[in-house]
Amino acid sequence: MNTVEFTLVVAIGSFFAGMLGSLTGLGGGVVIVPLLTLVFGVDIRYAIGASLVSVIATSSGAAAAYLREGYSNMRVGMFLEVATTVGALSGAFIAGYVSTSAIAIIFGVVLLYSAYTSFGGPKEPEKGLAPDPVATFLRLDGTFPADRVRGAGDAISVAAGGASGAREAYHVRNVPAGFGLMYLAGLLSGLLGIGSGAVKVLAMDQAMKIPFKVSTTTSNFMIGVTAAASAGIYLRRGYIDPGLALPVMLGVLAGALTGALILPGAKVKTLRMVFGVVIAALGVQMIFEGVRGKL
Amino acid sequence: MPAAIKPTDQQFEIFLGKLLRTGVLIAALIVLAGGMWFLSEAHGARREYKTFRGVPAELSSLQGIFHGAVEWEPLAVIQLGILVLIATPVARVLFSMLGFALERDWMYVGVTAIVLALLLYSLFNHSTR
């Protein structure tokens with residue numbers, strides 16, 4: 001393959017990764033690194049650099065659409081970004097000392113976990129919880145539009161007779177646990193060049209009991225900031241190669257936008273299952289190649 | 001955004017969303033322009049990614065990238081687009097801080113300042129490699 005052919009093939013692969021990532025809500029970044037390393041034989045460090053760039057692009061590109069809906073919680077997002085950016089800096093720092101085989105194995109485990117979440121799907125947290133003193137002090141509690149039900153077959157229960165503009169209140173719980181899990185999400189993002197959507201959902205939905213739509217949109221908002229925190233370090237380390245970032249960034253971005261356009265008519269549940277199987281297979285192969293020391 | 005109107009969270013979020021989208025659009029156009037140019041000149045051997053050598057300083061330091069982009073080096077132009085992309089969420093955090101200041105929410109001005117400091121540290125601290 002010459003340069004033009006290689007660029008085109010990687011762009012097409014990235015396009016499908018971005019489209020599936022946006023349709024399933026799992027993010028395209030999680031398959032970019034396995035795609036580049038396992039299929040195109042790219043060194044995992046270049047792959048992580050290119051993936052990180054695509055993660056910033058999709059997060060920031062999708063933000064405008066998400067924000068208009070009025071679901072995201074700015075204070076929750078900013079407060080947790082302290083944890084994710086510190087985590088991302090630690091991850092990028094550690095990456096300089098960990099062998100590429102170890103990174104491949106950790107990557108495989110994260111892929112398997114993401115595949116597991118894509119089958120179960122996140123549970124909507126219980127409602128009507130009492131306020132939490134830490135969350136009250138930090139003014140994290142919020143409201144979200146109760147009358148609009150949209151998108152991916154999400155089980156958002158609608159407030160009875162929700163008139164236009166009605167908003168449902170929620171209380172944020174377990175702030176320290178959520179903060180700790182967000183540090184982990186940031187660490188994995190910085191170490192592996194991914195958005196860590198699966199861990200963020202674990203922190204916000206399961207630990208902090210934030211409603212699903214609020215956590216999804218807020219976490220999308222945070223992913224770009226988290227990735228930008230480690231991107232500066234990776235750029236200086238020479239992990240971000242322009243010839244590779246070119247097709248990956250533009251491919252994933254075009255794919256994600258296409259995914260958002262065709263989302264209303266898509267069979268999201270089936271897609272999540274298919275994507276889950278693909279991710280699981282890639283995870284096993286990453287672990288296998290990591291153990292063999294081939295990555 | 002007019003300072004006379006007290007911005008509600010949601011109005012401000014919409015502004016931030018547009019800011020992010022504009023940043024990504026500009027970054028993508030710069031990368032696309034540099035990329036087309038790079039591909040039109042790519043006749044020699046393909047860049048090799050199997051073994052990691054690290055991107056040279058001309059394409060991995062802020063100084064090198066700005067210098068190369070001014071000289072219209074296609075690869076430096078791509079890297080400049082990527083820098084714009086990285087700067088986009090940083091700008092969002094900066095504007096969030098202004099938004100919280102307009103609401104006189106000093107606790108969150110502080111929280112946002114911490115995030116901003118961490119981001120700037122990552123971008124500009126040359127001892128972290």
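What follows is a chat about a predicted model with chains A and B.

Visitor: Let's start with chain A. How many helices and strands does chain A have?
Guide: Chain A has eleven helices and two strands. Going along the sequence, the order is α-α-α-α-α-α-β-β-α-α-α-α-α. Keep in mind that this is a predicted model.

Visitor: And how much of chain A is buried?
Guide: Of its 295 residues, 59% are buried. Also, take the contacts in chain A with a separation of 6 or more: 83% of those are between residues 24 or more positions apart.

Visitor: Which residues touch the most other members of the largest nonpolar core?
Guide: Those are Leu36(A), Val42(A), Leu140(A) and Val172(A), in a core of 119 residues. Helix α9 of chain A, residues 212-237, gives the most to this core, with twelve residues.

Visitor: Pick Val42(A). What is Val42(A) in contact with, leaving aside neighbours within four places in sequence?
Guide: Within chain A, Val42(A) is in contact with Phe6(A), Leu36(A), Thr37(A), Ala47(A) and Leu244(A). Tyr49(B) is on the list too.

Visitor: How far apart are Leu244(A) and Leu36(A), in sequence and in space?
Guide: They're 208 residues apart in sequence, and 9.5 Å apart in space, C-alpha to C-alpha.

Visitor: Why does Leu244(A) count as buried?
Guide: Because its relative accessibility is 0%, and buried means under 20%.

Visitor: What about Thr100(A), buried or exposed?
Guide: Thr100(A) counts as buried, because its relative accessibility is 17%. Its place is in helix α5 of chain A, residues 100-120. Setting aside neighbours within four places in sequence, Thr100(A) is in contact with Ile44(A), Arg45(A) and Leu295(A).

Visitor: OK, on to the interface. How many residues of chain B are in contact with chain A?
Guide: It's 64 residues of chain B, in contact with 62 residues of chain A. The two chains bury about 5,600 Å² between them, and 69% of that is on carbon and sulfur atoms.

Visitor: How many salt bridges are there between chain B and chain A?
Guide: The count is five. In one salt bridge, the side chains of Glu103(B) and Arg75(A) meet at 3.0 Å, N to O.

Visitor: Which elements of chain B give two or more residues to the side that touches chain A?
Guide: Those are α1 (9-41), α3 (74-102) and α4 (106-124) of chain B. The largest share, 18 residues, comes from α1(B). By type, the residues on that side of chain B split into 37 nonpolar, 14 polar and 13 charged.

Methods
Residues numbered from 1 in each chain as written. Chains lettered and ligands numbered in written order. Predicted model: local features only at pLDDT ≥ 70, side-chain atom pairs only at ≥ 80, totals over all residues. Heavy atoms only, no water. Core = buried A, V, L, I, M, F, W, Y, C linked by side-chain atoms within 4.5 Å. Buried < 20%, exposed > 50% of the residue type's maximum accessible area, 1.4 Å probe, protein only. Helix = DSSP H or I, 4+ residues; strand = E, 2+ residues; numbered from the N terminus. Contact = heavy atoms within 4.5 Å. Buried area = accessible area lost by both parts, 1.4 Å probe. Salt bridge = Lys/Arg side-chain N within 4 Å of Asp/Glu carboxyl O. Nonpolar A, V, L, I, M, F, W, Y, C, P; charged D, E, K, R; others polar.
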